[in-house]
Amino acid sequence: MPFEVQDLSGTFSVGDIAIALSLSFVLSAMIGWVYRFTHRNVSYSQSYVQTLVILGMLIALIMLVVGSNIARAFALVGALSVVRFRNAIKETRDVGFIFLVMGVGMAAGTRFYTLAIVAAVAISLIIVVMYRFNWFAASVQRQVVKVQVPPDGGYTDSIQDVLIAHTSEFELVSIESIRGGALSELMYTVRLKKGHEPGQLIAALGERTGGQRVTVLTGYDQTDL
């Protein structure tokens, strides 16, 4: 029996390939620009955004290959199960963007072109609106206060007196021995009173700690003494 090679490329046309890959590229690139525009923190990665675009096109390609063939789908799952990803996702929202480009790529690859366009545009607009109007932002801002004191001498009460004067609420989170037991580090979570600045709190604590180090962490800023 002669060896025969079966060409399965007839299940989709060159036009289908061009439209699916082009559409997934355009929509994934749009999502990448939305991610860049709405990114707030310092952990922005150009490589991550480029990966989003590649991932959207790759998913579209995979969906073209799989089509409606169950055997190919299971073969693909088996092939991808050997891949291990060790890069940690820095922010929770990054996962959402990954699933978004995957969904758009799947829609484009299965030739649901209208669904891909409408979903990508609608979800991107929602992301921009949430960024623009700062939805779900917490109005209560807390700070972390680290105070280093000698292990002997009853400094805790003095520190709490300062915290009562400058904060509306505070909580002792941990006590840690540092520098081989020469000092103790007290960590508090606090909420400053209205009109009080971190620098005022640091100055007041510095007067009670014998000149030891005081640190106030406010969001991404750090104030030291």
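Which residues in α2 meet which residues in α4? In this predicted model, where local features need pLDDT of at least 70, side-chain atom pairs count only at pLDDT 80 or more, and totals for chains, interfaces and linings use all residues, Tyr48, Leu52, Leu55, Gly56, Ile59, Ala60, Met63 and Leu64 in α2 meet Asp94, Val95, Phe97, Ile98, Val101, Met102, Gly105, Met106 and Gly109 in α4. Residues are numbered from 1 along each chain as its sequence is written, and side-chain values use heavy atoms, with hydrogens and water left out. Contact here means heavy atoms within 4.5 Å, and helices (H or I, at least four residues) and strands (E, at least two) are DSSP runs numbered from the N terminus.

Two packed helices are described by the angle between their axes and the distance between the axes. The axes of α2 and α4 come within 7 Å and cross at roughly 30°, axes being lines fitted to C-alpha atoms, for helices over the stretch in contact, with angles running from 0 to 180 degrees between N-to-C directions. This crossing is right-handed, that is, the near helix is turned clockwise from the far one by less than a right angle. By class, the contact of α2 with α4 comprises 13 nonpolar, 3 polar and 1 charged residues, where Ala, Val, Leu, Ile, Met, Phe, Trp, Tyr, Cys and Pro count as nonpolar, Asp, Glu, Lys and Arg as charged, and the others, Gly among them, as polar.

Helix α1 (residues 14-38) also packs against α4 (residues 92-109), their axes coming within 9 Å and crossing at roughly 160°. Helix α1 is therefore roughly antiparallel to α4, a term applied to angles over 145 degrees. The passage of α1 across α4 is likewise a right-handed crossing. On the α1 side the contact includes Leu23, Leu27 and Ile31, and on the α4 side Phe97, Leu100 and Val104 are among the residues involved. This contact has 11 nonpolar, 4 polar and 2 charged residues.

Positive phi values occur in two loop residues that are not glycine, namely Arg111, at about 70°, in the loop between α4 and α5, and Asn134, near 55°, in the loop between α5 and β1 (143-149). Arg111 counts as partly exposed at 35% relative accessibility, and Asn134 is partly exposed with a relative accessible area of 41%, this class lying between the buried limit and the exposed one of over 50% (1.4 Å probe, protein chains only).

How values were computed. Angles under 35 degrees count as roughly parallel, over 145 as roughly antiparallel, 65 to 115 as roughly perpendicular and the rest as oblique. Buried means under 20% relative accessible area, exposed over 50%, partly exposed in between (1.4 Å probe, protein chains only).
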